[in-house]
Amino acid sequence: MSVTSRPRSVLAVIGAALALGSCGEGDDAGARKRPPQVVGAMPAKAEDFAPRLVALGTVTPLQSVAVRPRSDGEIVRILFREGDDVRAGQPLFQLDDRGARAALAQARANLASARAAAVQARGDYTRAQQLVGKGFVSAAVLDQRKALAGSADAAIAAAQAAVQAAETALDFQTIRAPVSGRTGELGFRLGANVRTGEAVPLVTVNQLSPISVRFLVPPEQVQDVRGALSRGGVTVTARPQDDSGGAAPIATGRLSFLDNNVNPGTGSVAAKAEFVNKGDTLWPGAIINVEVPLSGSAPRIALPEGAVQTGRDAPFVWAVGADNKIMMRDVTVAGRANGKVFLASGVAPGETIIVDSLTKLRPGDTVRTRAGGAAPRTVAAAATGTGG
């Protein structure tokens with residue numbers, strides 16, 4: 001090879017390399033251009049929707065009483081079984097009452113003695129009154145007899161009080177159910193010695209019918225719940241946590257209470273609903289879903305749950321424009337029910353809304369529906385005669 005041919009060969013190699021590089025850059029630019037995305041879409045339609053509050057509630061007895069002894073003693077009888085339904089006033093435990101019965105007998109004997117002494121004192125006073133006019137008894141003696149009669153009457157009152165105290169002490173030896181309800185687990189067994197002020201209760205009685213459910217009202221719905229409560233007769237429905245609303249409710253009750261205090265941390269307000277609880281379908285401590293209707297039904301745009309995304313400032317949906325390009329549309333959610341989101345604003349009837357493949361989308365993307373072809377024509381496109 002000659003000296004003059006070498007520069008020409010080098011130039012040829014460099015030119016070929018530059019040509020290949022330019023071809024590669026063209027390929028990368030083509031790769032960066034996003035093809036139409038295949039999505040599922042549907043036209044927005046309005047359905048009747050009744051706003052309601054759906055919240056988690058905790059079943060709470062209207063009354064839950066920890067039964068404790070009011071007297072020291074040994075348990076000699078247990079008059080129920082764990083889990084029994086009991087009525088208010090029904091005997092539950094019997095303590096050894098021999099000492100209390102003896103104390104009551106002594107108090108009654110003291111009362112009888114006081115009454116006998118009072119009879120004698122009143123008789124002495126009456127006779128002194130008859131004799132003082134004849135000069136047989138002085139005025140000082142009469143005053144003395146009168147004081148003794150008064151003391152005898154006071155002794156009777158004291159003896160009667162002692163009898164009542166002894167009767168109360170004896171009554172405390174029989175421990176009764178303070179409310180009607182269902183008993184829980186025993187804290188003490190037969191033969192145990194119990195004392196007043198025990199930390200562990202003898203048993204706990206929970207009232208099951210009626211029963212209440214406590215739940216929290218979020219701040220944005222407090223005024224709606226207040227309005228519904230002021231109108232009266234708000235029906236509350238209890239459902240299992242995993243129920244989507246298609247099955248029959250567990251129980252139906254009424255809204256009975258809205259707290260007068262707002263939680264400073266969350267802005268929520270505590271509320272309670274009361275249920276008759278026939279058949280003990282609601283159990284204390286259970287977590288259920290509570291549904292509270294807030295107003296009458298009105299037409300709202302209904303979309304599947306997955307179509308509405310959570311944005312930084314507001315919920316949004318992907319709407320398809322007349323040129324099959326998509327845009328983010330902020331929406332206002334009126335409520336959710338049966339797997340659907342009902343919108344108060346942001347979407348008009350007939351607009352095409354994307355319902356799946358949402359994570360891959362960017363504003364301005366062109367889309368095709370999963371059925372093949374461009375997305376359905378929007379309301380604007382239909383009106384102007386343009387669109388995919």
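I call a residue buried when its relative accessible area is under 20%. The model I consulted is predicted.

**Entry 1: helix α4**

I looked up which residues of helix α4 (residues 222-231) are buried, and found Val222, Val225, Gly227 and Ala228. I then asked what these residues pack against. The strands are β4 (52-61), β13 (211-217), β15 (251-262), β16 (269-275) and β17 (287-293). After α4 comes Gly232, and I noted that its phi is positive, near 80 degrees.

**Entry 2: helix α3**

I next checked the length of helix α3 (residues 139-171). At 1.5 Å a residue, its 33 residues should span 48 Å, and the C-alpha atoms at its ends are 48 Å apart, so the two values agree. I listed the buried residues of α3 as Leu142, Ala149, Ala152, Ile156, Ala159, Val163, Ala166 and Leu170. An α-helix has 3.6 residues a turn, so residues three or four places apart point the same way. Among the elements that cover the buried residues of α3, I recorded α2 (98-132) and β9 (174-176).

**Entry 3: a sheet of four strands**

In what order do the four strands of the open sheet lie? I read the order as β3-β18-β23-β22, with antiparallel pairing. The edge strands are β3 (45-49) and β22 (332-337), each of which pairs on one side only. On average, neighbouring strands of this sheet are turned by 45 degrees against each other, direction ignored.

β22 and β23 (residues 340-345) pair in the antiparallel sense over five bridges. Here I found Ala337 opposite Lys340 in β23.

Conventions
Residues numbered from 1 in each chain as written. Predicted model: local features only at pLDDT ≥ 70, side-chain atom pairs only at ≥ 80, totals over all residues. Heavy atoms only, no water. Pairing = 2+ DSSP bridges. Helix = DSSP H or I, 4+ residues; strand = E, 2+ residues; numbered from the N terminus. Axes fitted to C-alpha atoms, helices over the stretch in contact; angles between N-to-C directions. Buried < 20%, exposed > 50% of the residue type's maximum accessible area, 1.4 Å probe, protein only. Contact = heavy atoms within 4.5 Å. Expected span 1.5 Å × (residues − 1).
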